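Me: Let us go through the terms used for this model, one at a time. For each, I will ask what the value is and how it meets the cut-off.

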Amino acid sequence: MTERELWERYQRYLSVVPSLGFSLDVSRMGFAADFLERMRPRLEEAFSRMEALEKGAIANPDENRRVGHYWLRAPELAPEPALSKDITSTVADIHAFAREVHEGKLKPPKAPRFTHLLLVGIGGSALGPQLVADALTSKADAMQVSFFDNTDPDGMDRVLGQLGARLAETLTVVISKSGGTKETRNGMLEAERAYKEQGLAFNKHAVAITGAGSELDQHARKQGWLRTFPMWDWVGGRTSVMSAVGLLPARLQGLDIDAMLEGAREMDVATRQRDAVKNPAALLALMWFHAGDGRGLKDMVILPYKDRLLLMSRYLQQLVMESLGKEKDLDGQVVNQGIAVYGNKGSTDQHAYVQQLREGVPNFFATFIEVLKDRDGESMEVESGTTSGDYLLGFLLGTRRALYEKGRESLTLTVPDVSARTVGALIALYERAVGLYASLVHINAYHQPGVEAGKKAATSVLAIQQKLTARLREARADARTAEQLAADIGQPDEVETVYKVLEHLAANPGRGVKRTGGPGPAEVRFQTK
Ligand SMILES: O=P(O)(O)OC[C@H]1O[C@H](O)[C@H](O)[C@@H](O)[C@@H]1O
């Protein structure tokens, strides 16, 4: 298509939400003229399912759960008054709690005020808060935010090292919907120990966000933590950023959570419309379908031209891949669905992998995110009449054109700024696009049966470790190979796991395991130190 034809196509299919200053441009997607019409019956069905979900149907049949993240920003739509009340009163509680913290009414025992926030969580209990914190941070932040989002000891040391003595003025928020996630439990224990080492009482610094009655809930109550905020079973982890999970940390940081909710609410209104071109979530879902032939054949490359949106791709990785990456469809047929998501930011990526996007394997479609506002205030000119921000747009449009010339498809989202309102709107847009796409390809977007396998396998690795350390203690000075030790514990086929576990123990001080021999794994011997 010529530039002029593209301009026509741009106008014809532009999906705009005027109140948010938002638009979605699909002109660089090569769908046929009758594509939207052909998809109409499927889309109608997807809208009907979405409508039922919003009315409180069991939209996650496997887990027998309702799916209520849309109610979080429109509590009046919740199917029962008690739910609406829970939502509204939790937001009010968050405001009140943050006020007390900011004003120093709720203060740490050994400092005048909480100035730092340490969030402990993983997956949906970290990615949303991380995106929001990073996108909206400013000089005006009331508290500085850090994260433990893994069970990596060195990762935690690094964060604790940065906090140093300021742990005395750090509020730790432990977030886990299930309350039983091991990485988060470990992070909590490591944090607790760090406080203790500085002579600080952890319970006077700790807040939980978790499901009622969970392990974490019970622990927090028993230990007399400052407060527990609820996480409801009708909110999925990856869509929990507008619940206490995202709102409490954001408000503590000093961000405008009401604007975030408002942005999401407005995007929800726009994305309930049944006209595909007026509804950017529907149009987005249809474009994903077109790009990957409804089978996820093309990866989704997320390219925000704005540093503040760097974590968007990580956030969307979970939202999209955990929702859509499914073995079976709703009828139990094997479909192996999904869309791979990756990305970083422009124009930085132009100096990294855009080479492959333009000339390499054509297995993707790009999503450009354009932010109109360059910065607070005016910009200097880097050349006569040109600012750094002009370059950023130039690179966005240039890369988009360069891809188009080589037949590589792209979408462009345009937002006015990176504000709480815009971030809320973007999150809401993708939440609904994922839900609609899941209906288009007939899968359940709201469960994650696949993640359990890895957790179970990890548990059995740790059980093997327990047996091994007991066996090594018995064997004392006797240096034994992995093969022998695997036989000793009655799990000869697990020899590789035995070897890996022992190699790790031997590499770390205080674990009481010594490694000798080699060079190959079969010749290495292990014994107690
Ligand atoms: O919030 P939690 O219960 O600790 O769960 C944290 C995360 O872990 C799980 O493995 C799920 O796959 C995620 O969807 C979830 O967000």
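Reply: Contact means heavy atoms within 4.5 Å. The model is predicted: local features need pLDDT of at least 70 and side-chain atom pairs count only at pLDDT 80 or more, while totals for chains, interfaces and linings use all residues. Residues are numbered from 1 along each chain as its sequence is written, and side-chain values use heavy atoms, with hydrogens and water left out.

Me: Which residues are in contact with Thr 528, leaving aside its neighbours within four places in sequence?
Reply: They are Leu 472, Arg 473, Arg 476 and Gly 512. Each has heavy atoms inside the 4.5 Å limit to Thr 528, so each counts.

Me: What makes the pair Thr 528 and Arg 476 a polar contact?
Reply: A polar contact is a pair of N or O atoms within 3.5 Å; within protein, one must be able to donate a hydrogen and the other to accept it, and residues adjacent in sequence count only if both atoms are side-chain atoms. A polar atom of the Thr 528 side chain lies 3.1 Å from the backbone oxygen of Arg 476. The value 3.1 Å is within 3.5 Å, so the pair qualifies.

Me: Why is Thr 528 said to be in a strand?
Reply: Helices (H or I, at least four residues) and strands (E, at least two) are DSSP runs, numbered from the N terminus. Thr 528 belongs to the run 524-528, called β14. Its C-alpha atom is 67 Å from that of Ser 15, 513 residues away along the chain.

Me: Which polar atoms of Gly 124, Lys 177 and Lys 455 lie by ligand oxygen atoms, backbone or side-chain?
Reply: For Gly 124 a polar backbone atom is 2.8 Å from a ligand oxygen; for Lys 177 a polar backbone atom is 2.7 Å from one. Lys 455 uses a polar side-chain atom, at 2.9 Å. The protein buries 87% of the 390 Å² that the ligand exposes when taken alone; such areas come from the Shrake-Rupley method with a 1.4 Å probe, and for residues only the protein chains shown count as cover.

Me: What makes β5 and β6 a pair?
Reply: Two strands pair if DSSP finds at least two bridges between them. Ser 176 stands opposite Thr 210 in β6.

Me: Why are β4 and β7 edge strands?
Reply: Their open sheet has 5 strands in parallel pairing, in the order β4-β3-β5-β6-β7. β4 (144-148) and β7 (227-230) each have a single partner strand, so one side of each lacks a neighbour in the sheet. Helix α3 (81-102) packs on this sheet and touches β5, β6 and β7, at about 150 degrees to β7; axes are lines fitted to C-alpha atoms, for helices over the stretch in contact, and angles run from 0 to 180 degrees between N-to-C directions.

Me: What is the order of the sheet of 6 strands?
Reply: It is β1-β2-β11-β10-β8-β9, open and with mixed pairing. Its edge strands, β1 (15-17) and β9 (341-343), pair on one side only. Within it, 6 bridges join the parallel strands β10 (364-371) and β11 (410-415).

Me: Which backbone angles stand out at Ser 347, Pro 519 and Asn 64?
Reply: Most residues other than glycine have a negative phi, and most peptide bonds are trans. Gly 346 and Ser 347 are joined by a cis bond with omega about 0 degrees; Gly 518 and Pro 519 by one with omega about 5 degrees. Asn 64 has a positive phi of about 50 degrees although it is not a glycine, and it lies in the loop between α2 (35-54) and α3.
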